[in-house]
Amino acid sequence: MSEFAAVDVIRAKRDGHTLSDAQIDWVVDAYTRGAVADEQMSALAMAILLRGMTPAEIARWTAAMIASGERLDLSSVTRPTADKHSTGGVGDKITLPLTPLVAACGAAVPQLSGRGLGHTGGTLDKLESIAGWRASISNDEFKRQLQDVGAVICAAGDGLAPADRKLYALRDVTGTVEAIPLIASSIMSKKIAEGTGALVLDVKVGSGAFMKDLATARELASTMVRLGKDSGVNTIALLTNMSTPLGLAVGNANEVAESVEVLAGGGPSDVVELTLALAREMLAAAGIDADPAKVLESGAAMDTWRAMIRAQGGDPDAPLPVARETEVLRAESDGIVTSLDAYGIGVAAWRLGAGRARKEDPVSFGAGVQLKVKPGDAVRAGDVLLELRADDPARIPAARATAAEAVLIGAERPTSTNLVLDRIA
Ligand code: URA
């Protein structure tokens, strides 16, 4: 591989030039090996954020990140594979009911998931509230479970796109997370290396999401769809509303409980709607002709959920952790809930202990916010708007203040917005 001076690569991007394939291959590899220093990669990431990248540069950068580690071979799995990735939101527990549902419809769903950081929760944190459940499994266990049960949600192993792990941690502390070429290559390098045949991206838009506006979300979605298709992964994206939390539960154990309600045929209508919309897309992308609504109703998805949890040591019947303290927030006046801001509720749940400030922090499984109302609901003064749950009562006052600011009560019914805002294929 050619040798370059890191400073020349940084200068080239700083001055708005296109990086060559050789420069990209070298800088990603040298950074992963430790031959390019963190301060040099920080400068390059900032130059990329400010100057952008061409589609060809993004594709090469993604390929270099994939090449930094192993690529899983799922050819031993006999069913078509389909995965989903969400860019992260508040109350976004959709992976939990969706994975067993799509598996029960005939696909194999390899869900390599992450932990939460900041105001959005992590799928692994939620599942770890189930007694005995293990997030880490070997590649062999992963493939066996995928074949036998059809559904696996687990932690991505250290061997998958190690360049991304190092670069993402650096971007987190250098104000460069928001660069679309870097977000797209980060997400897609992991998904392509995981070996799925079909991929549905749930790109969230709104206050509780990474992407606050539709135009930026569309740009990210199109970049990722193109990267996936160019690598032979049948990829489509849905742009979905994240201005208000999904469902009523925001936390860990309470989100598992809500997911189980959906699998049992109940649950909040928005969670059911999005689960079915994503399931239909995953099945179509994998070439499977099945009706997920009928399969959900049949109870087959619940059976797959139980098998999936058991396969990783979890007890699906064990009681879920309950927070030591619960306080309620009440309406101060009569009216209609005009807004329930996703970001504010996400921060309140994080303050209660459901999320972490640093990646090594533990989370509190019982902590979180349990909503009692949704936008458009009529309330009377004194009605309970939400519950604040925490193990440590000292966390409640700050969370209460944040949650109180997130709920607006007014006179006019808010105009309803669609959950699915756009589709990019
Ligand atoms: N999620 C990722 O995996 N990478 C990013 O860059 C942003 C969100």
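Trainee: Which element gives the most to the lining of the largest cavity?
Mentor: That's helix 15, with three residues. It counts as a helix (a DSSP run of H or I, at least four residues; a strand is E, at least two; both numbered from the N terminus). Bear in mind that this is a predicted model, where local features need pLDDT of at least 70, side-chain atom pairs need 80 or more, and totals for chains, interfaces and linings use all residues. Residues are numbered from 1 along each chain as its sequence is written, and side-chain values use heavy atoms, without hydrogens or water.

Trainee: Why is the largest cavity said to lie between domain 2 and domain 3?
Mentor: Domain 2 (82-157 + 190-311) and domain 3 (325-410) both give residues to its lining, so it lies between them. Those bounds come from an automatic or database assignment.

Trainee: What makes strand 6 and strand 7 edge strands?
Mentor: The open sheet of four strands has the order 6-9-11-7, with antiparallel pairing. Strand 6 (249-251) and strand 7 (325-330) each have a single partner, so one side of each has no neighbour in the sheet.

Trainee: How do you know that strand 6 pairs with strand 9?
Mentor: Pairing takes at least two bridges found by DSSP, and three join strand 6 to strand 9 (residues 368-371). So by that cut-off, they pair.
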